Amino acid sequence: ENGGTMGVQGKRLEAIKLKVASPQVAGNISYRGHVQNIGWQPYVNMSSYIGTQGQSLRLEAFDAKLTGDLATKFDLRYRAYVRGIGWQPWVSNGAMAGTVGQLRQIEQVQIEAVPKG
């Protein structure tokens, strides 16, 4: 799934919400964001927002992982399009996407669950 804008538009992501589109396997997504002037937020579960809304603060980084049976059957892969850097390499299962301490905004994300093996 893709979300956000990139390149010429230069708009930052301020918040994202993740959910499993077709929950045929029990489990959840646990994720957190690193936000301008706030730092790392606590982990939240599927269908909750990370980042901020209405505060004009940039989302600079995030990490995510699957839990329950989802984690035994799938890997969660994701990457961020970061202003001034472009697309970062794919990371998975709790690794950080984005940057910390560089004052760079995430403009777009790509996230996918892929079967293990």
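Let me start with a term. Partly exposed means a relative accessible area between the 20% limit for buried and the 50% limit for exposed. R12 sits at 33%, so R12 counts as partly exposed. One caution before we go on: this is a predicted model.

R12 has a partner. R12 and E14 form a salt bridge, with the closest N and O atoms 3.1 Å apart. E14 has a relative accessible area of 23%, so E14 is partly exposed as well. Side chains of opposite charge can pair when their charged atoms come close.

How many salt bridges does a search of the whole structure find? The search finds 6. I'll take two others in turn.

Next, R32 and D63. Their closest N and O atoms are 2.8 Å apart, and the two form a salt bridge. The pair links distant parts of the chain. R32 is in strand β3, residues 28-35, and D63 is in strand β7. The two are 31 residues apart. Now the accessibility. R32 is at 22%, so R32 counts as partly exposed. D63 is at 3%, so D63 counts as buried.

Then E107 and R83. Their side chains meet in a salt bridge at 3.8 Å, N to O. This pair, too, links distant parts of the chain. E107 is in strand β12, residues 106-115. R83 is in the loop between β8 (74-82) and β9 (86-87). The separation is 24 residues. Buried or exposed: where does E107 fall? E107 has a relative accessible area of 2%, so E107 is buried. R83, at 44%, counts as partly exposed.

Now to Q41. Q41 is in the loop between β4 and β5 (44-45). Its relative accessibility is 15%, under the 20% cut-off, so Q41 counts as buried. What does the side chain of Q41 reach? It reaches the backbone nitrogen of G51, at 2.7 Å. Leaving out residues up to four places away in sequence, Q41 touches R32, G33, V35, I50, G51 and T52. R32 is also the salt-bridge partner of D63.

T52 is on that contact list, and here is its own side of the story. T52 is in the loop between β6 (49-51) and β7 (59-67). Its relative accessible area is 7%, so T52 is buried. With residues up to four places away in sequence not counted, T52 touches E14, A15, V35, I38, Q41 and L57. E14 is the residue that forms a salt bridge with R12. V35 turns up in the contacts of Q41 and in those of T52.

W40 is in strand β4, residues 39-40. At 32% relative accessibility, W40 counts as partly exposed.

Last stop, D69. D69 is in helix α1, residues 68-73. Its relative accessibility is 41%, so D69 counts as partly exposed. Which residues does D69 touch, not counting residues up to four places away in sequence? They are V25, A26 and G27. Take A26. D69 and A26 are 43 residues apart in sequence. In space they are 5.4 Å apart, C-alpha to C-alpha.

To recap the pairs: R12 with E14, R32 with D63, and E107 with R83. That's the tour.

How values were computed:
Residues are numbered from 1 along each chain as its sequence is written. This is a predicted model: local features need pLDDT of at least 70, side-chain atom pairs count only at pLDDT 80 or more; totals for chains, interfaces and linings use all residues. Side-chain values use heavy atoms; hydrogens and water are left out. Helices (H or I, at least four residues) and strands (E, at least two) are DSSP runs, numbered from the N terminus. Buried means under 20% relative accessible area, exposed over 50%, partly exposed in between (1.4 Å probe, protein chains only). Contact means heavy atoms within 4.5 Å. A polar contact is a pair of N or O atoms within 3.5 Å; within protein, one must be able to donate a hydrogen and the other to accept it, and residues adjacent in sequence count only if both atoms are side-chain atoms. A salt bridge is a side-chain nitrogen of Lys or Arg within 4 Å of a carboxyl oxygen of Asp or Glu.
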